[in-house]
Amino acid sequence: MGATVLVGSQWGDEGKGKIVDLISEGFDIVVRYQGGANAGHTVEISDQKYVLHLIPSGILRENVICVIGNGVVIDPNALLEEIELLKKNDIDVEGRLFISQNAHLIMPYHKLLDSISESGSDKIGTTGKGIGPCYIDKYARKGIRIIDLLNRTELEKKIRTNIKEKNEILLKIHQQAGLDVDEIVKEYLEFDTAIDKYIKDVPTFLNQSLDEGKSILLEGAQGTFLDIDHGTYPFVTSSSPTSGGACTGSGIPPTRIDSVIGIVKAYTTRVGNGPFPTELLDEEGEKLRKIGVEFGATTGRPRRCGWFDAFLVSYSKMINGITSVALTKLDVLSGFEKINVCVGYELNGKRLKSFPTNVEQLNLVKPIYETLDGWNTDISKCERYEDLPAKTIKYLDFISQKSGIQIDIISVGPKRKQTFYVDQ
Ligand code: GDP
Ligand code: IMO
Ligand code: MG
């Protein structure tokens, strides 16, 4: 058996955390492969609600090993806080959490530069967690990695060199006071004792685990249209949430990936700026936000809401090679008399043949809608596919057909229990 990748198929917040928690019962290892604490993955078990930012959502299953891969950017303070929070809830991560030695560290200057670049007029609407600036340093080959924590002399040298340069940028370009290098050196020199026990040669561990017949789930953060290459650039994050990123971000080769699960929300949301063709700026959008409690799990910002976009999801299927879909938040659509589904885009009066990720075009496209009947029934207590009203099943069949996806899991509420499998 090979590894399974789980990806967000839209603009993030599709309910990845909930589905990872649900299916990780059947996996030995869960791995995060990109992003950082910009992610907010919610898991609700009974009355307890957890929001995970850096640690894989499999951590709530006692027998699951969790791994943070090399593709992730780690804010050590955020990591230690999350470990502490789990401990307070009697979840001990020691011996169950491993971190790649090659993962990059988010430094205080990354967060500062993130906030400075967001203070101007062309904002991306980032989470402010320092993600972009950290990946900039990674690709500029100036990054500081987890492994560097173990060599104090070299670590200090690297921090001092980097801060010297950043302080010049802060002062000369942004007319801002520089950072206190001694304070940051002191802070970062202390992380080795707290983090040392989690550091691992992750690619070797994961490949050996596969050799031994263990099963691995790769948990994507963000979503397909926030991907640095395939998303709505420049309104994207700075990593590769799509399935291809799972290989480079973990050290598992493409030949060992068996399947790709796409998490698809039954409508569409987006946080931050950028094009969103099916966005609803009226009461219906407000209704989706209210019923769906669409507020960011990391920043608390209201999420922009809109109709399901089958054209967008079919592109996501292609880019990720999605083999199976978990459809979430279907319950939120209950109570809408009519439901629109976008089945294509028109640009300058012509129907587009393929999905444009070019933002100038995306800003101009007109969604082509087909309207379906809603169902006026509470479906949040449904336990089987057969329990769903006929009109709900019609909606599912319609969006599956228009997006070319196969829905295998349906989620009708935030709790573990509010989920069922579709017998094909
Ligand atoms: P993620 O980033 O993809 O893990 O998603 P988030 O946790 O940011 O956002 C999903 C939100 O929807 C969370 O508050 C979940 O508890 C909630 N949720 C997940 N699945 C369902 C569902 O089927 N129905 C409802 N009503 N809420 C859900
Ligand atoms: P999960 O994993 C939704 C968005 C931000 C912004 C853009 C860039 O919970 O689905 P960044 O801080 O990454 O530089 O911000 O990406 N964004 C997310 N939107 N869900 C997320 O994660 C997101 N992580 C980043 O709102 O538009
Ligand atoms: Mg989220």
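This is a predicted model: local features need pLDDT of at least 70, side-chain atom pairs count only at pLDDT 80 or more; totals for chains, interfaces and linings use all residues.
Residues are numbered from 1 along each chain as its sequence is written, chains are lettered from A and ligands numbered from 1 in the order in which they are written, and side-chain values use heavy atoms, leaving out hydrogens and water.

Reader: How many residues surround ligand 1?
Author: A residue counts as near a molecule if one of its heavy atoms lies within 4 Å of it. The closest residues are Lys-16, Gly-17, Thr-42, Asp-331 and Ser-411. The shell around ligand 1 has a total of 19 residues.

Reader: Which residue places a polar side-chain atom 2.5 Å from an oxygen atom of ligand 1?
Author: Polar contacts here are pairs of N or O atoms within 3.5 Å. A polar side-chain atom of Arg-303 lies 3.0 Å from an oxygen atom of ligand 1, and a backbone N or O atom of Gly-40 lies 2.9 Å from one. The distance of 2.5 Å belongs to a polar side-chain atom of Ser-411.

Reader: Between which domains does ligand 1 lie?
Author: Domain bounds come from an automatic or database domain assignment. Because both domains give residues to the shell, ligand 1 lies between domain 1 (3-100 + 198-261) and domain 3 (264-421).

Note on methods
A polar contact is a pair of N or O atoms within 3.5 Å; within protein, one must be able to donate a hydrogen and the other to accept it, and residues adjacent in sequence count only if both atoms are side-chain atoms.
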